[in-house]
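Here are my notebook entries from an afternoon of looking things up in a structure. Follow along in the viewer if you like.

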Amino acid sequence: MNEEFEIEIERYIKGEMSSEEVMNFEHRLEHDPEFKESYEATLAAHKVVEEAGRQELKYNMWSYENTPKKQKKTFKIGKRLIVTIVASIAILIGMSTFLNIKGNMSASEVFEAYYQPYDPPSVIRDNSGGGSENWNRAAQHYAAGNYEDALRYFEIAEDNIHFTVVEFYEGLSYLQMDHPDYSNALYYLNEVRLEQSELKEQANWYYALTLLKDGQTNEAEEVLKEIARERTYNHRWAKDILKIDIEN
Amino acid sequence: MEAIYRANRDIICAYVVSNSGTEAEATDLFQDCMIQFYDAVKKGVPSEDSAISAQLYSIAKSEWSKRLNKKQISEPEESQSTEIRRDGLIPLTDEERQDQIREIIGLMGFDCKYILIECIYHKTPLKEIASEGNFANEQLLRNRKFECLKKLRELMVARPGLLKITESDE
């Protein structure tokens with residue numbers, strides 16, 4: 001595969017060639033097996049990317065199912081109408097970006113609008129009779145919303161659970177307690193976001209929201225910018241939040 | 001997008017549910033219709049005079065009818081399709097294909113995933129992507145896109161089922 005091939009193939013796929021170029025291209029496809037192979041591989045790669053794009057779009061649509069509609073209350077009636085029109089125009093011209101209208105919200109309101117509890121941890125079933133008891137108790141308390149009790153067991157969870165997974169749920173427990181402890185929540189979520197962890201992206205998202213809730217708006221914006229830039233977990237929501245004028 | 005989603009979701013889901021669908025099937029179908037609609041807009045398929053909601057409704061009706069038919073005939077064919085796969089030709093099921101795509105794209109890294117999806121799926125001009133992201137200029141982004149595509153093709157070689165993806169087009 002060389003770049004020249006690639007450019008030519010892409011122009012053909014996109015229908016950017018003149019009829020003469022198309023004829024030459026198709027002639028080459030018929031008579032040059034290496035070129036044909038390269039063409040087919042590129043075409044397949046394009047199809048894979050298109051499918052991945054659809055998957056991403058669908059994933060983002062789930063956020064509409066989960067985002068409370070109350071979020072829109074923060075826009076005045078006139079702006080709401082504008083938002084609808086802008087969004088309709090955006091899709092009509094094929095834009096993938098969403099709302100462009102700024103609204104005013106307090107940091108706390110933003111948190112309430114965007115915060116969704118993360119799935120509870122899984123209980124580990126083993127027949128050996130040991131090994132994950134503390135973790136399982138923690139998971140059960142967490143699922144039942146008893147975050148203080150969950151924390152007691154997370155702290156002594158067994159070593160077979162990766163420490164970042166435990167810390168992630170410790171952070172969320174501190175955040176969701178009746179009297180949340182934001183500094184501990186931030187501490188644990190920060191630990192996870194700085195590690196190589198399967199929950200790194202999620203930790204980053206909840207870290208940003210916790211900063212908002214804790215009134216550290218500027219720091220939260222920095223993390224949200226990173227999420228939006230790197231298109232990690234909930235990056236579309238991060239982008240949305242960045243468009244809001246957050247009142248301190 | 002969100003406004004269109006919210007304005008049409010309930011009507012279309014109600015249609016599916018009242019025609020033997022479950023809530024989950026209805027949501028899934030509605031989201032797929034939104035994507036079909038988005039794809040058509042991107043391709044510049046001239047929209048008829050009808051409103052967006054009428055177009056979505058029409059896509060949904062035809063898609064749901066297809067899914068219902070498929071549902072009715074899928075069970076007797078299930079064992080046959082497994083045998084075909086044992087022949088080694090590996091026509092992936094839709095679910096397998098989606099899983100492999102998720103896996104392969106996950107291996108690409110954030111930059112590549114972002115660049116390729118924006119360029120190829122959303123058809124966002126390179127200039128616009130360069131101005132939004134961490135790319136000094138359009139040429140650097142073009143080079144990066146080429147590298148990413150190359151990487152994707154290499155990853156696909158280990159997944160021959162995906163190389164046949166073009167054959168599964170409707």
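**Entry 1: the largest core.** I looked up the largest nonpolar core, which has 43 residues. A nonpolar core here is a set of buried Ala, Val, Leu, Ile, Met, Phe, Trp, Tyr and Cys residues joined through C-beta atoms within 7 Å. Buried means that 20 or more other C-beta atoms lie within 10 Å of the residue's own; with 12 or fewer a residue is exposed, and in between it is partly exposed, with C-beta atoms placed from the backbone. The members that touch the most others are A:Val110, A:Leu189, A:Tyr206, A:Tyr207, A:Ala208 and A:Leu212. At least two residues each come from H5, H6 (133-143), H7 (147-154), H8 (163-176), H9 (182-193), H10, H11 and H12 of chain A. I noted that H10(A) gives the most, with eight residues. Helices are DSSP runs (H or I, at least four residues), strands are runs of E (at least two), and both are numbered from the N terminus. Apart from this core lies another, of 21 residues, including A:Ala45, B:Ile115, B:Cys148 and B:Leu152.

**Entry 2: reading notes.** The model is predicted, and local features need pLDDT of at least 70, side-chain atom pairs count only at pLDDT 80 or more, and totals for chains, interfaces and linings use all residues. Residues are numbered from 1 along each chain as its sequence is written, while chains are lettered from A and ligands numbered from 1 in the order in which they are written.

Entry 3: Which residues does A:Ala208 contact, leaving aside its neighbours within four places in sequence? I found A:Ala220, A:Val223, A:Leu224 and A:Ile227. Contact means that two C-beta atoms, placed from the backbone, lie within 7 Å.

**Entry 4: H7 and H8 of chain A.** I checked how these helices pass, and their axes come within 9 Å and cross at roughly 155°. Axes are lines fitted to C-alpha atoms, for helices over the stretch in contact, and angles run from 0 to 180 degrees between N-to-C directions. H7(A) and H8(A) are therefore roughly antiparallel; that word covers angles over 145 degrees, with under 35 roughly parallel, 65 to 115 roughly perpendicular and the rest oblique. From H7(A), the contact uses A:Tyr147, A:Ala150, A:Leu151 and A:Phe154, and from H8(A) it uses A:Val166, A:Tyr169, A:Glu170, A:Ser173 and A:Gln176. By class I wrote down six nonpolar, two polar and one charged. Ala, Val, Leu, Ile, Met, Phe, Trp, Tyr, Cys and Pro count as nonpolar, Asp, Glu, Lys and Arg as charged, and the others, Gly among them, as polar.

Entry 5: H12(A) (residues 235-242) is mostly covered, with six of its eight residues buried. Those six are A:His235, A:Arg236, A:Trp237, A:Ala238, A:Asp240 and A:Ile241. In the loop between H11 (217-230) and H12 of chain A I found A:Asn234. This residue has a positive phi of about 60° although it is not a glycine. Most residues other than glycine have a negative phi. Is A:Asn234 buried or exposed? A:Asn234 is buried, with 24 other C-beta atoms within 10 Å.

**Entry 6: chain B.** I counted eight helices and zero strands here. Of the 170 residues in chain B, 25% are buried. B:Lys123, in the loop between H5 (110-121) and H6 (126-132) of chain B, has a positive phi near 55°. B:Lys123 is partly exposed, with 13 other C-beta atoms within 10 Å.
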